[in-house]
Structures are given as C-alpha cells and as structure tokens.
Amino acid sequence: MIEMNFLKYPNHPEKKVKFCAVSQTADFAASFLIEQGIEVFQVTEQKNLPAPCASHPDMRLCYLGEGRVLADCEELAQSLEGFGLAAAVPARRLQSIYPQDAVLNVLFLGECLFCRTGSPQKPGAAEEIIRFAEEKKISVHPVRQGYTRCSACVVSEKAIITADLSIGLAAEKAGIDVLRIRPGYISLPGYEYGFIGGCTGLLGSKILAVCGCLESHPDGERILDFVRGHGVQVLSIPTPDGRLWDIGGIVPLGEG
C-alpha cells in the first residue's frame, strides 16, 4: 500500500490524494485515478440498495475523518479495515426504499454537517453520525434532501455546487458560497438523471476531479467559472460518452 496519512477531515484533502473509494462499476474512473498514482478501493454492490447506486460509495460508506469510517455492513467494514481504517457499522441498516437507503449519505463541510435528520416515520442520517458531530462540536444543519452528499459538489470547505434548493439554502445560512445549477443533464442509468456530487471529488485542496465534460451541462461555463473563482483546478475524467456521469462520487480517504 502507498505510504500516506488518512484525511483529517471528510471530503477536503489538504495534500495530494493517494487513496480513494469509487464504485466498482466505474472502471473508467478507477483506471484514470490509478494512472494518476492514486490507490483505488472499488466498492462492491449492496443487494439492499437499488441497482443503479448499489455500489456507490456515497451510499455505502461515510468517512468521518482521522481514519474513521462508517460502513453499511460487516463485510465492507472488514475490507476497509484491511487498509488500516477504523470501520464501524451503524445500528440502523440500509434498506431499499428512500430515505432508508440514505442512512450514510450526508455532507460534512468543515465544521458543518448537512443531512436529513428525519423522523420516527421517515428516519434520516444514522444516529452514530449525529452523535459524532455533537461530540466534535460540528453544527448539524437539517435539509429535506436525503441524498445530501451526492447532491453537492464540494469545491472547498466554504463552497459547494448543488441543484437542490434545501441544501443550497441551508449552506448559504451557514456562510457557504453556493452555486445553484439546474437539475438533470447528468447520466445515471436506471434513473432520469444523476447528481453533481456523484460526478466529483477533490483529489487535492485545489484539484477537483469531474467525471465527464462540463461542457455537456448547460451550466458548464458557470460551474467552471465558480470552481476557478475559488482557486481550484478542474481535472476531467473521460467517460464512455463524454457526458457527466454520476458514479457515487470519488471519496478521498488518504493523502500524502
């Protein structure tokens, strides 16, 4: 395994990423990342999840920081432990129907956590995530969207891109710079469309990987201007048809 340190904070590496998680169905992305000298953990399918997102890392795991991660089952936890991560499984398991399939799909951004907090009838994020945030003095910002992580592209700790109204409003109230884009124009076979967070992931503090060409999105120029405006470089990963593809995100885990 490549010599590295685990990210201190989720989603935002301080140095060049050396280890990340991607879906096993996104071979084109895995191959590209390996060519960049990044070790890749390919997440396998979870039978309890809908087929189009059954292997998406933003559905199956939640990186908490400092080498700690929540996984949706013991098998995945053991695989992650093989890389030196401290993995645990939440008490409430994923189910096939929304929002019970989004237990781990939350957005950590600096000292903020954006997630669906839910109700007894429609539970939201795993209780272990909420407790972790409280222990670390991370403020919790409820949103209506259960697929919080895959609905937001993290540009920096203070900037995101999203098509979701509830996430955008909550982030703006927390002092985050938000670029709102129109929904759609992102490929996710089996669904009408995918999400911008599922296409992206930071590979360094100033490098944003994007699966596909931003030019294929009607807001592509605005996205590029926004990212560059925050001093971040876009690294495009070629997709089979050139369009933006939602692969469940590129989850950075190790850096060095």
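Is Arg 182 buried, partly exposed or exposed, and at what relative accessibility? Arg 182 counts as partly exposed, at 42% relative accessibility. The model is predicted.

**Sheet S4-S5-S6**

- Three strands make up an open sheet, ordered S4-S5-S6, and the pairing is mixed.
- S4 and S6 are the edge strands, each with a single partner, so one side of each has no neighbour in the sheet.
- From one strand to the next, the twist averages 25°.
- S4 and S5 run antiparallel and are joined by 4 bridges.
- S5 and S6 pair in the parallel sense, over 3 bridges.
- Val 69 is a point of contact with both neighbours: Val 69 in S5 is the bridge partner of Tyr 63, and Val 69 also stands opposite Ala 87 in S6.
- The hairpin of S4 and S5 has 2 residues between the strands. Glu 66 takes a positive phi there, near 55°.
- S4 is mostly covered, with 5 of its 5 residues buried.

**Helix H3**

- Which residues of H3 are buried? They are Leu 76, Ala 77 and Leu 80.
- Seen down the axis of H3, these buried residues fall within an arc of 100°, so they line one face of the helix.
- The face turned away from the buried side carries the exposed residues Glu 75 and Gln 78.
- The buried residues of H3 pack against S3, helix H2 (57-60), strand S4 (61-65), strand S5 (68-71) and S6.

**Aromatic pairs**

- How many aromatic pairs does a search of the whole structure find? The search finds 7.
- One of them joins Phe 41 and Phe 83. The ring centres are 5.5 Å apart and the planes stand at 70°, so the pair is edge-to-face.
- Phe 41 sits in strand S3 (residues 39-43), and Phe 83 in the loop between helix H3 (74-81) and strand S6 (86-88). The two are 42 residues apart in sequence, so the pair ties together separate parts of the chain.
- Phe 41 is buried, at a relative accessible area of 9%.
- Tyr 98, Tyr 147, Tyr 193 and Phe 195 form one aromatic cluster.

**Salt bridges**

- Side chains of opposite charge can pair when their charged atoms come close.
- The count of salt bridges comes to 7.
- Lys 136 counts as partly exposed, at 41% relative accessibility.
- Glu 127 and Arg 92 form another salt bridge, at 3.3 Å from N to O.
- This pair also links distant parts of the chain, 35 residues apart. Glu 127 belongs to helix H4, and Arg 92 to the loop between S6 and strand S7 (107-109).
- Glu 127 is partly exposed, with a relative accessible area of 39%, whereas Arg 92 counts as buried at 18% relative accessibility.

**Arg 182 and its partners**

- Arg 182 forms a salt bridge with Asp 219, and their closest N and O atoms are 2.8 Å apart.
- The pair links distant parts of the chain, 37 residues apart. Arg 182 is in the loop between strand S12 (177-180) and strand S13 (200-204). Asp 219 is in the loop between strand S14 (207-211) and helix H6 (220-229).
- Is Asp 219 buried or exposed? Asp 219 is buried, with a relative accessible area of 3%. Arg 182, by contrast, is partly exposed at 42%.
- Arg 182, Asp 219 and Arg 222 are linked in a network of salt bridges.

Definitions and conventions: Residues numbered from 1 in each chain as written. Predicted model: local features only at pLDDT ≥ 70, side-chain atom pairs only at ≥ 80, totals over all residues. Heavy atoms only, no water. Phe/Tyr/Trp six-rings, centres within 6.5 Å; stacked < 30°, edge-to-face > 60°. Buried < 20%, exposed > 50% of the residue type's maximum accessible area, 1.4 Å probe, protein only. Arc of directions from axis to C-beta. Contact = heavy atoms within 4.5 Å. Pairing = 2+ DSSP bridges. Axes fitted to C-alpha atoms, helices over the stretch in contact; angles between N-to-C directions. Salt bridge = Lys/Arg side-chain N within 4 Å of Asp/Glu carboxyl O.
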